[in-house]
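Biologist: I would like to learn how to read the sheets, the helix packing and the ring contacts here. Please give the general idea before each case.

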Amino acid sequence: MDKINRFIEYLKESENIVFFGGAGVSTESGIPDFRSKDGLYNQHDVRFEEYNPEYLLSNDCLFRKPAVFYEFYRQKMDTRGIAPNITHTVLAKLEKAGKVKAVVTQNIDGLHQLAGSRNVYELHGTTLRNYCAGCKEVYPFDYIFKSDERIPRCTKCNGQIRPYVTLYGEQLPGDAVEGAVRCIEEADMLIIGGTSLTVYPAAGFIRYFGGKHIVVINRDEIKVNLDEEKDIMIFDSLGNVFSQVEKALGL
């Protein structure tokens, strides 16, 4: 039995599946990842070349060089008009079928929810929520992208309006962390897709899994301890794998 067919059999027998995903989940929707040769960290924009890529999405940049932060954010982080892809939609269907209990994502684009997933833990926050860093007033999801202000300011206290995104130098949101760990601990199957497992602390969450099967789906090999007897590593695109899953399970 080939690896994808084994994966499909695991899906059939499992009842508490958690999907743990990274940037590779959204690349097939046209959103660039960060670390591949074509990713954001390797795109050369003359206006940003003097800055380290991590700095441009850091708490330090947000408050010390806000004009630079918002210019980069508006250019590179605007996912309005981007549609979910086959991976997002099949995961939502698997949740509706009672198979997938949670999606734990490192992405900030909100595409899992747009596809119909309801139980999503966003470890790095989301671009679809904004709030004032001062008084915490909430602003519409597209406020920063539509604002004419170079540095968007709160109408109540004049504080900076910022995205609900976990920036470098900030802690992961506690509610998302707690929920993700609990779901991974309770899962009987963990699917890891589209992530290099190099971004910590999020990548360390898989150590909480103690269920039956781990299935890794990635274009390139990643470092993760697997049991060859019960776990699977599939070198393929997520879109190709989940297209076969959708067909095999009649979703």
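Modeller: Strands of a sheet pair through backbone hydrogen bonds, either parallel or antiparallel. In this predicted model, 6 strands make an open sheet with parallel pairing, ordered β3-β2-β1-β7-β8-β9. Strands here are DSSP runs of E, at least two residues long, and helices are runs of H or I, at least four, both numbered from the N terminus; two strands pair if DSSP finds at least two bridges between them. From one strand to the next the twist averages 15°.

Biologist: How many bridges join β1 to β7?

Modeller: Strands β1 (residues 17-21) and β7 (residues 189-193) run parallel and are joined by 5 bridges. Opposite Ile-17 stands Met-189 in β7.

Biologist: Which helix packs on β1, β2 and β3?

Modeller: That is α8 (residues 174-186), whose direction makes about 130° with that of β3. Touching is judged by contact, heavy atoms within 4.5 Å. Angles run from 0 to 180 degrees between N-to-C directions, with axes fitted to C-alpha atoms, for helices over the stretch in contact. Helix α1 (residues 3-13) lies across β1, β7, β8 (213-218) and β9, at about 130° to β9.

Biologist: What is the order of strands in the antiparallel sheet?

Modeller: This open sheet has 3 strands in the order β5-β4-β6. Strand β4 (residues 125-132) pairs with β6 over 5 bridges, and Thr-126 stands opposite Tyr-164 in β6. Helix α4 lies across β4 and β6 at about 55° to β6.

Biologist: What kind of aromatic pair do Tyr-73 and Phe-145 form?

Modeller: Rings of Phe, Tyr and Trp (its six-membered ring) pair if their centres lie within 6.5 Å; planes under 30 degrees apart count as stacked, over 60 as edge-to-face and the rest as tilted. By this rule the count is 9 aromatic pairs. Tyr-73 and Phe-145 are stacked, 5.3 Å centre to centre with 5° between the planes. Both residues are buried (under 20% relative accessible area, 1.4 Å probe, protein chains only).

Biologist: What conventions apply to the numbering and the values?

Modeller: Residues are numbered from 1 along each chain as its sequence is written, and side-chain values use heavy atoms, leaving out hydrogens and water. Local features need pLDDT of at least 70 and side-chain atom pairs count only at pLDDT 80 or more, while totals for chains, interfaces and linings use all residues.

Note on methods:
Buried means under 20% relative accessible area, exposed over 50%, partly exposed in between (1.4 Å probe, protein chains only).
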